[in-house]
Amino acid sequence: MLKQSDPEVYAILKKEEKRQQDKLSLIASENCFSPSVREAVGSVFSHKYSEGNVGERYYEGNENIDQLEQLAIDRACQLFKVPKDWTANVQALSGSNANLAVYLALMEAGDTLMSMYLPDGGHLSHGWSFEPDESKRKADLVSGSLVYLGGKRKVHLTSRLYKVVQYKTEPQTKLFNYDEVEKIAVKYKPRLIITGGTAYPRNIDYRRMREVADRVGALYLADIAHEAGLVAGRAVRSPVGVADVVTMTTHKTLRAGRGAIILADKGLIGKINRGLLPGLQGGPHNHNIAGITVGLGEALRPEFTKYAQQVVKNAKHLAKALEKQGFKIVTKGTDKHLLLVDLNDQPILGKNFAFILDEAGLVTNATTLPWDSSPPRNPAGLRLGTPWVTTRGMKEKEMDIIASWIKQVMNIASSWSKLTSQELEEKAGASMELKNIARAVSKLGRNFMDFPKKGMVARAI
Ligand SMILES: Cc1ncc(COP(=O)(O)O)c(C=O)c1O
């Protein structure tokens, strides 16, 4: 129907389907959803306004939405094995909004919030502010201080509303030292402590962080936006029942369409519900809640546990395979679905390398690294993740192939290190060697999931 009614949008959609089929996404925060999740997201549920909560809406006609949302809440509680007095909110439009709703519910403006430092793997919505003065940034690195009290540029709304204290990894290990985190908490007395982020490859010790929070009388929020599917599939530890509140996105490892879930005890959830509405949002996106409900149903099946565990096996294997190819991996590996490649000893750094890899059909993103002074516009790190390629059915053997392609791309690009970004992009665009790798990537991808022919039903895991 779209083809006839709006051929322009249809053509763009077909190009995007082809891109997703031909290339391999190694972006740690991305995944692809089942046809059933996509059918639910594209359904009539998007037509309905339903401000309020189950059984107490501001609009009439919500009997089916009530049933749907209750099912989502029940499935979330079952999947994450919440304690008896806990429940879920599934209405936040995104992970960032879920976090904001928690802050609105649990803090007053001016309170202190303590979170992981963004360049060490935290998240913008945990209060990021940036220091534009390069000499101050360098001095901060040299000092070796494990605390960051924010920069002049208040990037995220939260950095304007709250006092933000961020804890850093140790310079040698690039790991958090919980005794040091505790000292920081004792000194700054935060109202809320947050763990979680986008680029920390190792497990977080939730129980130790609970102790830190208890020592200073803080509430504890565990943001498992990235790891939600791994927690559900018991591939990593769970903070449920340990932290006071758990937030997550549903579209990363959880593979349940876009949105977010908040878990907490019934007392706190009441406040958080009011943080979301009227504090932050209007009507819930019911079509997304429908997608989440279907995705949670899929995650409750035994195959999902196999999937989550394979995601981690693949990431560990990819890290080892890249090390064999001569790449340095931050913390020498990973406990979960993502890994960080340190490109400081390579001819091409993160942003440029990610661009060149994309020309070869491997979609990745550049990232800052802990304790690194490379410029934020071309950071030295490359973040890789295995959720999407594992959904396509790939295993360790394919991780070896991907690692060897990454090495080949670096070899091809090694003589381009002195070029400007524009010259480098032209070179990469014209390279027959990169095009040959892109063809091989696409050929491998056809064995795993074929959008046009099978509509993604060929998912192996
Ligand atoms: C740790 C963490 N929290 C929150 C978010 C925000 O999620 P969203 O992009 O849905 O706002 C992300 C997204 O990458 C994340 O990694």
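Start by selecting strand 5 (residues 112-116) and strand 8 (residues 192-195): the two run parallel and are joined by 2 bridges. To see one of the pairings up close, pick Leu-113, whose bridge partner in strand 8 is Leu-192. Keep in mind as you click around that this is a predicted model.

Zoom in on strand 12 and strand 13 (residues 338-342), which pair in the antiparallel sense over 2 bridges. Click Ile-329 and look across to strand 13, where Val-341 is its bridge partner.

Stay with this sheet and select Asn-365, which is found in strand 15. Is Asn-365 buried or exposed? It is buried, because 22 other C-beta atoms lie within 10 Å and the cut-off for buried is 20 or more. Show its contacts too: leaving out residues up to four places away in sequence, Asn-365 touches Ile-27, Ala-354 and Arg-383. Then draw a distance from Asn-365 to Leu-26: their C-alpha atoms are separated by 8.3 Å, although the two residues are 339 apart along the chain.

Time to zoom out and colour by domain. The protein is divided into domain 1 (44-299) and domain 2 (302-454), and the C-alpha centres of the two lie 28 Å apart. The contact takes 26 residues from domain 1 and 24 residues from domain 2. On the domain 1 side, highlight helix 6 (134-143), helix 10 (228-232) and helix 12 (286-299), each of which supplies at least two residues to the side touching domain 2. Which helix gives the most to that side? Helix 10 does, with 3 residues. Colour this face of domain 1 by residue type and you get 11 nonpolar, 6 polar and 9 charged.

From there, go inside. The largest nonpolar core has 129 residues, and the members touching the most others are Ala-76, Val-102, Ile-193, Ile-262 and Val-409. This core draws at least three residues from each of domain 1 and domain 2. Nonpolar side chains tend to be buried together in soluble globular proteins.

Pick Ile-262 from that list and show what surrounds it. Setting aside neighbours within four places in sequence, Ile-262 is in contact with Ala-88, Asn-89, Ala-92, Ala-98, Ala-101, Val-102, Val-245, Thr-247 and Ile-272.

Last stop: the ligand. Select the 14 residues around it, and look for Ser-94, Gly-95, Ser-96, His-123 and Ala-225, which come nearest. Helix 5 (residues 95-106) gives the most to this shell, with 3 residues. What is the make-up of the shell by residue type? It divides into 1 nonpolar, 12 polar and 1 charged.

How values were computed. Residues numbered from 1 in each chain as written. Predicted model: local features only at pLDDT ≥ 70, side-chain atom pairs only at ≥ 80, totals over all residues. Core = buried A, V, L, I, M, F, W, Y, C linked by C-beta atoms within 7 Å. Buried ≥ 20, exposed ≤ 12 C-beta atoms within 10 Å, placed from the backbone. Domains from an automatic or database assignment. Contact = placed C-beta atoms within 7 Å. Near = placed C-beta within 6 Å. Helix = DSSP H or I, 4+ residues; strand = E, 2+ residues; numbered from the N terminus. Nonpolar A, V, L, I, M, F, W, Y, C, P; charged D, E, K, R; others polar. Pairing = 2+ DSSP bridges.
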